[in-house]
Amino acid sequence: MSFDLAAQPWWSAGLAALAVPVLLFAGGRRDMLAYLAAYFLLFGFGPVLSYLLGGTIYFGTNTLLIGRAALGLLLAFAGVAAAGLLLRQRRDIRDPIEQLEKGRRMPLVPAVLALLALYALGVLAWGGPAFLAGNKLDRIAVAGPLHYDYLLLEMCACALYFIAQESSTGRFAYRVNLGAYIAYCLATGERDFVFVLFALVLHRELVRTERRLPRSVLWGAGLLLGATALFALRGSGTPGGTDASAILNQGSVLFVDTWVMGHVPSTEPYMHGASYLHALVNLIPGQHQTPLAQWLVDRYAPGSDSGYGFSLTGEAYANFGLAGIPVLFALLTAVHRWLVNRVDRAPVYAYASILFTVAWMYGFRGESQSLLKTVVYGAVFFGVIRMISARAQDSARADDEEPLACVSS
């Protein structure tokens with residue numbers, strides 16, 4: 001199948017979206033939002049480009065609605081551009097590691113990292129050769145019922161990067177845990193570690209003092225090729241191989257968006273914010289709300305045990321139509337900018353900036369429920385570690401002061 005690219009309105013939308021990371025790069029080569037916009041461009045418009053070039057795309061994509069889906073993606077980029085150009089990234093961000101000496105240390109961090117590493121290594125040893133057989137669902141079953149809880153905890157643990165650098169023990173524990181986490185993801189066919197590594201690279205390059213071409217571009221290209229290979233090997237049923245189609249078809253955002261736009265409001269009415277309310281309610285223990293990913297499966301392939309994910313653009317459309325998409329992405333961009341611009345002001349910002357970056361990248365092909373869960377549970381995770389560390393420090397300080405009091409008396 002061949003296309004006259006110049007005659008396709010989708011092509012114009014893609015070019016307009018491409019201008020967003022270019023504009024953000026113009027404001028500074030270390031603008032983190034520029035790299036995230038490039039990532040969204042690949043995951044959003046990659047399948048569109050593959051289809052225009054006559055390549056394969058995700059099975060079930062409604063090709064009649066690709067134009068409307070492309071418009072929705074363009075509106076998402078408009079929201080990112082509007083907020084990103086209005087709220088600029090600071091150019092004087094320093095290394096948060098230098099600021100840790102001024103704050104309260106968190107000695108519990110190495111212990112938490114060590115426990116997570118031991119858990120991952122234990123699961124890998126217990127599963128053994130079983131991880132080499134079957135598809136992704138089979139390997140997740142081998143990993144056990146705590147699989148997704150572990151992945152969520154690891155997103156939080158990996159966001160402790162700057163805080164773990166305060167001691168040699170913390171640095172060693174962080175590296176061991178990161179290695180165990182990557183091995184676990186490879187064994188279970190998960191790509192979560194790719195988002196984590198990219199977020200870490202972006203933040204490390206952000207605070208470097210050298211002024212040179214950021215290595216983030218090379219890291220991004222390498223992680224993209226690795227993600228493509230893993231996507232093809234894990235038996236997902238999506239376009240495989242190692243050609244351009246495999247690189248362009250990262251995830252199912254286009255499939256989800258075209259399906260939602262063909263289903264809402266013709267079959268079901270707009271949700272008018274209900275999915276966002278459900279995401280909040282779902283944070284309350286015992287108040288389980290059906291995620292949109294399952295809502296999609298129940299309507300597209302009832303009874304199927306397969307998952308198709310979802311998308312933030314699809315969710316915004318399902319709630320408020322096209323008008324909701326730029327508003328959502330502008331809000332997410334504003335939050336991201338606010339955190340990044342404070343990354344060197346306190347350990348909590350250094351942690352939250354990495355975590356939110358990972359959550360947004362992961363949520364782009366997910367939904368608000370997973371993004372919000374990651375952020376809120378991550379805040380609780382950090383708060384518990386901070387509280388216990390503070391109490392341990394206060395106890396140790398009291399023990400040190402008690403002998404002095406006895407001597408003075």
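A: The protein chain has 19 helices and zero strands, these being DSSP runs numbered from the N terminus (helices H or I, at least four residues; strands E, at least two). The model is predicted: local features need pLDDT of at least 70 and side-chain atom pairs pLDDT 80 or more, whereas totals for chains, interfaces and linings use all residues. Residues are numbered from 1 along each chain as its sequence is written, and side-chain values use heavy atoms, with hydrogens and water left out.

The second largest pocket has a volume of about 470 Å³. A pocket here is an open set of points on a 1 Å grid over the protein atoms alone, where a 1.4 Å probe fits, with protein on both sides within 12 Å along at least five of seven lines; the volume is the space filled by probe spheres set on the points, which are joined across faces, edges and corners. Its lining comprises 24 residues, each having an atom within 4 Å of a point. Nearest the centre lie Leu332, Phe356, Leu371, Leu372 and Val375. Two or more lining residues come from each of helix H14 (274-281), helix H16 (312-320), helix H17 (324-340), helix H18 (347-364) and helix H19 (368-408).

By class, the lining has 21 nonpolar, three polar and no charged residues, where Ala, Val, Leu, Ile, Met, Phe, Trp, Tyr, Cys and Pro count as nonpolar, Asp, Glu, Lys and Arg as charged, and the others, Gly among them, as polar.

For the chain as a whole, 50% of the 409 residues count as buried, that is, under 20% relative accessible area with a 1.4 Å probe, protein chains only.
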